[in-house]
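Trainee: May we go through this structure together? I would like to start with the whole and then turn to single residues.

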Amino acid sequence: MLAIARQTAIREKLREFKSVRIADLAQQLQVTRETIRRDLREMERRGELIRTHGGAYTLDGVQNDLDVVTRKVLKIPEKERIAQKCCAIIQPGDYVFLDGSTTCWSVAKAIAHRKLTVLTTSLEIAKILSASESIKLHVIGGEFSSKYMDFIGEGAIKTLERYYVDKAIISCRSVDLKYGITDTSDGRARLHQTALEHAHQKYLVVDHSKLDNVSFAYIAPLTAIDGIIMDQDFSREWVDFLNAHQIRIY
């Protein structure tokens, strides 16, 4: 199979699934893994995808969802920097909501030794914090999503509505100055809306790749949050907007 045909096939897989794995592509296209790696390097050079360990993904389109297997290995140092910034915000005794994002997985690891009450929809965060002797843990149940390893749906929303927290820490798929905070599904967006509505202080945690993009489901305008926590410095345009709307930058 010629390179142009292989790359067309890879492009079609990315359009459908948003992420691909080298091992799967090599088997499906009946070529070596090194051949697929060369194709992915060439396609990344042209800006068609972003390579990861063992595969690649794309953020194109408003439906740019990625499964948890892909997300948990992406931008680990960036997530750890965000988690350390969150540690400076969270105070002993706080009641904190953490969503099911892999960024919040890192936050959970960073705060596991603190004396806190944590509400979460995430099975993975529940596992991380279950061994902590200082964390009082509340797990919000509902319909289980194996793609995200968390609980979603009307049951989760109704349960979350019963509680109020000092701080809600949520992530999202995309965030844009004009279109605000967006995610890949309406159900997940509504869960985030509920968390924000039931928090005294509201924080958005995102790595820089999520800026200036828009996903399918609207969560809230940027003005709905008190602070935004990112792994690196914001551009001047973002700093000016956030300062003008009194949104704290971390």
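Trainee: What kind of model is it?

Mentor: It is a predicted model.

Trainee: How many helices and strands does the protein have?

Mentor: The protein has 10 helices and 15 strands. Its radius of gyration is 19 Å, close to the 18 Å that the globule rule gives for 250 residues, so the protein is as compact as a globular protein of that length.

Trainee: What box do the C-alpha atoms fill?

Mentor: Taken along the principal axes, the box is roughly 60 × 40 × 30 Å.

Trainee: What about the surface, and how many residues count as buried?

Mentor: Of the 250 residues, 50% count as buried. The protein exposes about 12100 Å², and carbon and sulfur atoms supply 50% of that area.

Trainee: Which share of the contacts joins residues at least 24 apart?

Mentor: That share is 60%, counted among contacts between residues at least 6 apart in sequence.

Trainee: And the charges: how many side chains are positive and how many negative?

Mentor: There are 36 positive and 33 negative side chains. The centres of the two sets lie 4 Å apart.

Trainee: Let me change topic. How many disulfides are there?

Mentor: The count comes to 0 disulfides. Cysteine 86 is in none, and the nearest cysteine sulfur, that of cysteine 104, is 7.0 Å away.

Trainee: Where is threonine 103?

Mentor: Threonine 103 is in helix α6, which covers residues 102-111. Its relative accessibility is 2%, so threonine 103 counts as buried.

Trainee: What is threonine 103 in contact with?

Mentor: Leaving aside neighbours within four places in sequence, threonine 103 is in contact with Lys79, Ile82, Ser171 and Val205.

Trainee: Now leucine 40, please. Which helix is it in?

Mentor: Leucine 40 is found in helix α3, residues 33-45. With a relative accessible area of 1%, leucine 40 is buried, because buried means under 20%.

Trainee: Which residues does leucine 40 touch?

Mentor: Not counting residues up to four places away in sequence, leucine 40 touches Ile10, Ile22, Leu49, Arg51, Gly55 and Ala56.

Trainee: How far apart are leucine 40 and valine 214?

Mentor: They are 174 residues apart in sequence and 25 Å apart in space, C-alpha to C-alpha.

Trainee: One last topic: the backbone. What is the phi of methionine 149?

Mentor: Methionine 149 has a positive phi of about 60°, although it is not a glycine. Most residues other than glycine have a negative phi. Methionine 149 is found in the loop between β7 (143-145) and β8 (150-152).

Trainee: And what is the phi of aspartate 212?

Mentor: Phi of aspartate 212 is near 65°, a positive value in a residue other than glycine. Aspartate 212 is found in the loop between β12 (199-206) and β13 (217-220).

Trainee: How does aspartate 212 count by accessibility?

Mentor: At 45% relative accessibility, aspartate 212 counts as partly exposed.

Definitions and conventions. Residues numbered from 1 in each chain as written. Predicted model: local features only at pLDDT ≥ 70, side-chain atom pairs only at ≥ 80, totals over all residues. Heavy atoms only, no water. Helix = DSSP H or I, 4+ residues; strand = E, 2+ residues; numbered from the N terminus. Rg over C-alpha atoms; globule rule 2.2 N^0.38 Å. Buried < 20%, exposed > 50% of the residue type's maximum accessible area, 1.4 Å probe, protein only. Contact = heavy atoms within 4.5 Å. Areas by Shrake-Rupley, 256 points an atom, 1.4 Å probe, with all protein chains shown as cover. Lys, Arg positive; Asp, Glu negative; His and termini not counted. Charge placed at Lys NZ, Arg CZ, Asp CG, Glu CD. Disulfide = S-S within 2.5 Å.
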